[in-house]
Every structure is written in structure tokens, then in C-alpha cells.
Amino acid sequence: MTADSTDTEFGTKQVVRARYAVAAVFTVHGAVTGSFATRVPWIQEHAGIGAGQLGLALAFPAIGASLAMPLAGAISHRLGARTALRALLALWTLALVLPALAPNLLTLCAALLVYGATAGMSDVAMNALGVEVENRLDKSIMSGLHGMWSVGALLGSAAGTVAAHLGTDARLHHTVAALVLTALGLIACRNVLDLRGEPDEEPPPRFTLPPRSALIIGAVGFCAVFAEGASLDWSAVYLRDVMDTSAGLAAASTTAFALTMAVARIAGDKVVDRFGAVRTVRAGGALATVGGLLVVASPDAVLAMCGFGLLGLGVAVVVPLAFAAAGRSGPNPSQAIAGVATITYTSGLIAPSAIGSLAQATSLVVSFGLVTVLAFGLVLGAGVLRAGDRRAVASGNAGAPEAAATEPRG
């Protein structure tokens with residue numbers, strides 16, 4: 001896709017404004033997730049379902065996202081990137097209301113399917129615009145954008161915690177949150193880049209298999225998201241059951257892991273600009289591997305918590321860099337990003353249940369042995385991000401900066 005005007009017409013100030021606008025969009029997107037997560041117990045009670053049925057229902061957001069994400073490219077091509085993001089983000093923020101309205105399992109599954117579908121499509125659209133802004137600024141911003149998503153999730157969960165503590169009906173809480181976040185999202189979208197296809201450009205297919213480049217890059221993202229999902233969902237259980245800690249200390253490990261990831265993502269762009277995507281992911285994989293070894297081998301709870309912290313630090317920037325690499329890996333950034341996003345969503349879906357199943361058959365220690373192996377996979381697989389490494393691309397095109405700046409995308 002190309003912009004309505006040339007890069008010179010946009011100017012540095014416009015691109016900088018677009019960067020902050022996309023960061024705000026990421027924050028709004030994360031706040032929806034945080035708002036929902038804190039009220040899951042209320043939603044479960046309102047729907048009158050047990051733990052097993054809730055587990056089934058919570059698989060539907062990932063299913064909806066995986067099915068709908070390939071549509072994002074076609075929607076952006078038809079409406080233009082700005083209008084598409086405005087519409088998809090509004091659908092996602094308003095979809096927050098649906099789960100709390102569901103009176104039973106069937107309607108909850110349907111609500112969560114729509115919730116996930118709108119989440120996935122807006123996710124692809126905002127990441128594609130983030131990659132375009134990164135290209136125009138010629139410096140890494142994707143890690144920071146995902147860090148802002150984590151900040152939004154923390155803000156949303158904090159507000160949700162207050163609402164739950166006050167006993168506020170989740171239908172009221174989510175309606176107010178949805179209206180506020182929709183308004184903020186529409187304001188933020190006013191300054192994002194408005195990318196449009198050429199008049200003679202063939203529109204992308206509505207549904208298509210991910211390109212081979214996305215599958216390879218997605219494999220690296222799979223390893224990172226598996227480690228992330230396993231640690232977020234099972235770190236507290238691990239410390240309680242394996243290390244015999246108190247419930248409070250066990251819960252603190254999950255919070256510490258989430259904060260470590262948020263801080264690492266916000267600070268990660270400077271590291272990526274200095275060392276490049278490949279070396280950053282390779283070093284992160286090494287840190288995550290050491291963290292996994294600490295978790296499975298340490299007899300001490302404090303060292304195990306440090307291990308979970310290293311896991312979070314090591315995998316924090318991998319998914320943003322995978323999206324950035326996908327956006328530069330072929331002629332259709334949205335299609336490639338959708339492919340990588342589908343793989344990472346799938347990883348996040350299967351990780352918690354895979355860890356639980358393996359733990360039931362063996363032990364949680366063995367389960368996190370698997371996490372450690374996948375973390376080491378980042379060390380081995382980091383090289384696949386080389387084609388999308390902004391530093392490598394810049395050095396490879398040093399002789400033709402104007403051609404690189406005006407080359408049509410997607």
C-alpha cells in the first residue's frame with residue numbers, strides 16, 4: 001500500500017504524530033483486554049457455568065481471532081488503513097460489552113467469538129500501521145508499541161479491580177469502559193497514517209493461507225508466546241505447588257512477570273536500534289533459557305521467581321519484532337502479519353492447556369522443562385528475523401534510500 005501523499009508531504013512532524021497516535025491505539029487495545037480479564041469471575045457466575053465450561057468458552061476468543069484476522073488486509077485495502085482501523089477498533093472496544101450480557105454457555109461462546117474476531121482484525125490493522133511508521137522513522141518502535149499495549153492492559157485491569165472491589169455490575173462497568181475506550185480510540189485514529197492501495201492494485205484475497213515467510217517467522221513467535229502464556233497462567237501455581245510458597249507470594253510472581261515484560265518492551269526499542277533484531281532475540285532467548293533453568297532446577301522460591309522474571313525479560317520483544325519482520329517480508333504486510341498473528345494466537349491458546357496436560361501426566365517441573373527448550377529455540381531460530389531486520393534492510397539499501405522510501409507496500 002502507499003500513502004495518499006509522498007513522504008515529503010507527510011513531513012517528520014506528521015509521522016511523529018502518527019507514531020504517538022498508533023501508541024495510543026495500542027494502549028486502548030490493551031485496556032480492553034485488561035478490563036475483560038478482571039471480570040471473568042463475575043461473567044462466569046452470571047452465566048451459571050463451571051470451571052470446565054469456562055475453559056471451553058475462553059477458547060473462543062482465539063478461535064474468532066484466527067478466523068477473522070485474514071480479513072483485515074482486504075478491509076484495509078477497501079476502506080483505507082485509517083478508516084479500517086477506526087472501524088475495527090470501535091468494533092473491538094464495543095465488543096467488550098457482549099460477554100457480560102451472556103446468560104448461559106452458548107451465548108457466552110458466541111459473544112467471545114465476536115470479541116476475539118474484532119480483537120484479531122484490529123490487532124492486524126494496528127500492527128501493520130505500526131510497521132509503516134517504523135519504516136518511515138527509520139528506527140525501531142514496535143517493541144515500545146507493544147509495551148504500550150501492556151500498559152493499557154495494566155490500566156484496564158487496575159480499573160477493573162476497583163470496579164470488582166466495589167461490587168459494580170460488570171454490565172455497567174463494561175458499558176462505561178467500552179464507551180470511554182471507543183471515544184479515545186476514535187480520537188487516536190485521527191492522526192494515524194492513511195494508507196491506500198494504488199487504483200490498479202489488485203485487492204488481497206479475503207481468506208488465504210499465510211505466506212511461507214510468515215510461517216517461518218511465526219515459528220519464532222510461537223516459542224515466545226508459548227513461554228509467555230505458560231508463565232503468566234502457571235507461575236503462581238508452580239510457586240504454590242512446587243515451591244510451597246504462600247498464595248500472596250505466588251500471585252506476586254505473576255504480577256512481577258507482567259511488569260517485567262511491560263518494562264522490557266518499552267525499553268526494548270533502544271536495544272533493537274543498537275544491536276538489531278537478530279542479536280536482540282538471540283540474547284533474549286539466552287536470558288529466557290537461563291530463566292527456565294532457574295525455574296526447573298532451583299530449590300529456592302526467590303530464585304524461581306527470578307527465573308520467571310528472566311523468562312519475561314527474554315521473550316518480551318520477540319513478538320513485536322516478529323510482527324515487524326513479517327511486515328517487511330513480502331509485498332503484502334497485512335497478510336504476512338495476519339499469518340504471524342494467527343500462529344502466535346494459536347500458541348497462546350494451546351500453551352496453558354498443554355502445560356496442564358503435561359503436568360498431569362508428569363509434573364510441572366517437566367512442563368517448564370518444555371518451556372525452557374522452546375526458549376532455547378529462540379536462540380537457534382533468531383536468524384529468520386534477519387530479512388526483516390530494519391538495520392540489515394537499511395544497510396542493504398544504502399545506495400538507494402529514495403527507492404526504499406517510496407516503494408509501494410502491500
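Modeller: Cys306 is partly exposed, with a relative accessible area of 41%. That class lies between two others: buried means under 20% relative accessible area, and exposed means over 50% (1.4 Å probe, protein chains only). A disulfide needs a pair of cysteine sulfur atoms within 2.5 Å. By this rule, the count is zero disulfides.

A word on the ground rules. This is a predicted model, so local features need pLDDT of at least 70 and side-chain atom pairs count only at pLDDT 80 or more, while totals for chains, interfaces and linings use all residues. Residues are numbered from 1 along each chain as its sequence is written, and side-chain values use heavy atoms, with hydrogens and water left out.

Next, helix H2. Helices are DSSP runs (H or I, at least four residues), numbered from the N terminus. H2 spans residues 40-47, and Val40, Ile43 and Ala47 are buried there. These three lie on the same side of H2, because they cover an arc of only 60 degrees around the axis. The arc is taken from the directions from the helix axis to the C-beta atoms. Pro41 and Glu45 are exposed, on the face of H2 turned away from its buried side. Gly48 follows H2, and its phi is positive, near 65 degrees.

Now the rings. Rings of Phe, Tyr and Trp (its six-membered ring) pair if their centres lie within 6.5 Å; planes under 30 degrees apart are stacked, over 60 edge-to-face, the rest tilted. The whole structure holds six aromatic pairs. One of them is Phe36 with Tyr115: the centres are 4.9 Å apart and the planes at 40 degrees, so the pair is tilted. It links distant parts of the chain, since Phe36 is in helix H1 (residues 7-38) and Tyr115 in helix H8 (residues 105-137), 79 residues apart. Phe36 is buried, at 10% relative accessible area. Tyr115 is buried too, at 5%.

Tyr238 and Phe308 make an edge-to-face pair, because their planes stand at 80 degrees, with centres 5.9 Å apart. Tyr238 lies in helix H11 (residues 212-241) and Phe308 in helix H14 (residues 301-315), so the pair ties together parts 70 residues apart in sequence. Both Tyr238 and Phe308 are buried.

Back to Phe36 and Tyr115: ring pairs link them with Trp92 into a cluster.

Note on methods. Helix = DSSP H or I, 4+ residues; strand = E, 2+ residues; numbered from the N terminus.
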